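Me: I have a structure open and have not looked at it before. Can you walk me through it?

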Amino acid sequence: MHLRLAALCATIGFCAVVPAAVTTTVVDLTVNGARTRFLYVAPDAPTATIIGVSGGDGELGIADDGSMTSLTARCGPVTRNRQSFAAAGVALALMDSVPGLAQVVAVDAWLRARHAVPSWISGGSSATAAVAFLVANAPAPMATGALFFSPGRLTAAEMSPITRPALVLTNPVDGSAATSLFNGLTGTAVKERISLPGGSDTPPCGAHLFTGQDAEFTAAMTGFISRHNAATGGAEAKYQALWWADPPLSENGWGVNVVHQGDILFATWFTYDADGPMWLVMSNGAKVGPGRYTGVLYRTRGPAFDAVPFDPTRVSLSEVGSATFQFSSEDRGTFSYVVGGTAQTKAITRQVYANPVSRCAAGSPPNAANFQDLWWQPAESGWGVNLTHQGEILFGTWFTYRRDGKGDWLVMSSLTRSGPGQRYSGDIYRTGGAAFGAYDPARLSVTPVGTASFDFTGASTATFTYTLDGVTQSKEIVRQVFSAPTSCR
């Protein structure tokens, strides 16, 4: 399924990893009848977002074109290093003025609709008290933490209500204020104090705002976020996506589609045995800890893909092993499995092939413009199609059966929108590779074997039409719902 095979690249030129793009957008929300403006700076697939609250007079002066000329914008270490944060995979929502709690909650909701990742609230100097209040009073479903820098002096009573992770980043010129602030963090077990000695006293920003320490400042902030992203609380991310070996392109030719509903993962693993393509399914992966899911792996046999009628009573199920997914973030994790006498753990990452990357969250009804999900024909239980939706491209993996009953899988790696309505079409490929547990890039092969199209007639209904091995058929398919639905956008 990670079908950016080297061979596929050579054959259809669709295999280069999409470089991380950074998008900068001026966003205006109406909150309690008034405008709330922020500058949104986002890489393709951020692991977290920093909601920046400025010190000084608190005013960035964000113009309609995204420019900022105020002294506060030029001196603020988060604001001036926004491109470096984005390059490190962290998005920013830079508030135009000091926000209240209602504004931060509204901004967080806007952010999570795009990327369901934690929103860290950051600020220092004259904004220290505002950050402490916002983090201490953030609603329980909100995944957040505090990133203090250049701290002002606050009392223990102001700091102790903070129960989320907190960083105190300081320069020695801040003196005892940093010590007082850190010692007041008695309500959280996750806290760090980092001192960055040095810097420059050059006006107008000075060492207090880490002049001359941009790289060190960014690394300290992003390092803390990486270590403690999972401790921010709130609703857990949904891991519904196409996953492949990490780093990307390191093991082209296999992959895992994950469908995440409620606290259950439905995973289809596309790989190979000694006799060619093989797919295994974990249909009821249960949550056993934060970001951790485990379940039984099954192998199935069934009627040929073109059987008329397709008889689901002929589908047989055999238990062959177990699998565990441990996600460290919304975009990275490990896939561990035991099949027969083979036990392995693979680092995996979300496969990115177009922009924007779909993000999923608990919710119903499904997004009528995004088709990332598991689709099936309920009267023909035993086969299905996973669709990943990024930009205007669908990536489909179809798990079905050969004429001898053995499981078979095919890939549609570049289904593009065409014609009237919501129609996506492209080529079907069958691949070959070394048996699982013994990855060998020299064994990869890819062969075009047909064409496919998906005509979506609603948010959860479509017609899947294909020509495969000389056979043309159409199937009415729907989203498969097995727990609390997930919606992607």
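Predicted model: local features only at pLDDT ≥ 70, side-chain atom pairs only at ≥ 80, totals over all residues.

Me: OK, how many helices and strands does the chain have?

Reply: There are nine helices and 26 strands in the chain. Its radius of gyration is 25 Å, close to the 23 Å from the globule rule for 489 residues, so the chain is as compact as a globular protein of that length.

Me: What box do the C-alpha atoms fill?

Reply: Roughly 75 × 50 × 40 Å, along the principal axes.

Me: And what share of the residues is buried?

Reply: Buried residues are 56% of the 489. The accessible surface is about 18200 Å², and carbon and sulfur atoms account for 55% of that.

Me: What about contacts along the sequence?

Reply: Take the contacts between residues at least 6 apart in sequence: 61% of them join residues at least 24 apart.

Me: Switching to charges. How far apart are the mean positions of the positive and negative ones?

Reply: They are 2 Å apart, for 33 positive and 35 negative charges.

Me: Now the rings. How many aromatic pairs are there?

Reply: The structure has 37 aromatic pairs. One of them is Phe-38 with Trp-110, an edge-to-face pair with 5.3 Å between centres and 80° between the planes.

Me: Where do those two sit?

Reply: Phe-38 is in strand β2 (residues 34–42) and Trp-110 is in helix α5 (residues 101–112), so-called distant parts of the chain, 72 residues apart. Both Phe-38 and Trp-110 are buried.

Me: Why is the pair of Tyr-272 and Trp-409 called tilted?

Reply: Because the planes of Tyr-272 and Trp-409 are at 50°, with the ring centres 5.7 Å apart; an angle over 60 degrees would count as edge-to-face and one under 30 as stacked. Tyr-272 belongs to strand β11 (residues 264–273) and Trp-409 to strand β21 (residues 407–417), so this pair ties together parts 137 residues apart in sequence.

Me: Are Tyr-272 and Trp-409 buried or exposed?

Reply: Tyr-272 is buried, at 3% relative accessibility. Trp-409 is buried as well, at 0%.

Me: Which residues form an aromatic cluster?

Reply: One cluster includes Tyr-239, Trp-243, Trp-254, Trp-269 and Tyr-293, with Phe-325 and Phe-436 also among its members.

Me: Which peptide bonds are cis?

Reply: One joins Pro-203 and Pro-204, with omega about 5°. Pro-204 is in the loop between β8 (191–195) and α9 (214–228). Another runs from Asn-355 to Pro-356, with omega near -5°, and Pro-356 lies in the loop between β16 (342–350) and β17 (360–362).

Me: Which residues have a positive phi without being glycine?

Reply: Asn-32 is one of them, with phi about 55°. Ser-150 is one too, with phi near 45°.

Me: Are those two buried or exposed?

Reply: Asn-32, in the loop between β1 (23–31) and β2, is exposed with a relative accessible area of 70%. Ser-150, in the loop between β6 (144–149) and α7 (156–159), is buried at 0%.

Me: Last one. What does Pro-290 touch?

Reply: Leaving out residues up to four places away in sequence, Pro-290 touches Glu-236 and Gln-326. Pro-290 is in the loop between β12 (276–289) and β13 (292–301) and counts as exposed at 70% relative accessibility.

Definitions and conventions:
Residues numbered from 1 in each chain as written. Heavy atoms only, no water. Helix = DSSP H or I, 4+ residues; strand = E, 2+ residues; numbered from the N terminus. Rg over C-alpha atoms; globule rule 2.2 N^0.38 Å. Buried < 20%, exposed > 50% of the residue type's maximum accessible area, 1.4 Å probe, protein only. Contact = heavy atoms within 4.5 Å. Areas by Shrake-Rupley, 256 points an atom, 1.4 Å probe, with all protein chains shown as cover. Lys, Arg positive; Asp, Glu negative; His and termini not counted. Charge placed at Lys NZ, Arg CZ, Asp CG, Glu CD. Phe/Tyr/Trp six-rings, centres within 6.5 Å; stacked < 30°, edge-to-face > 60°.
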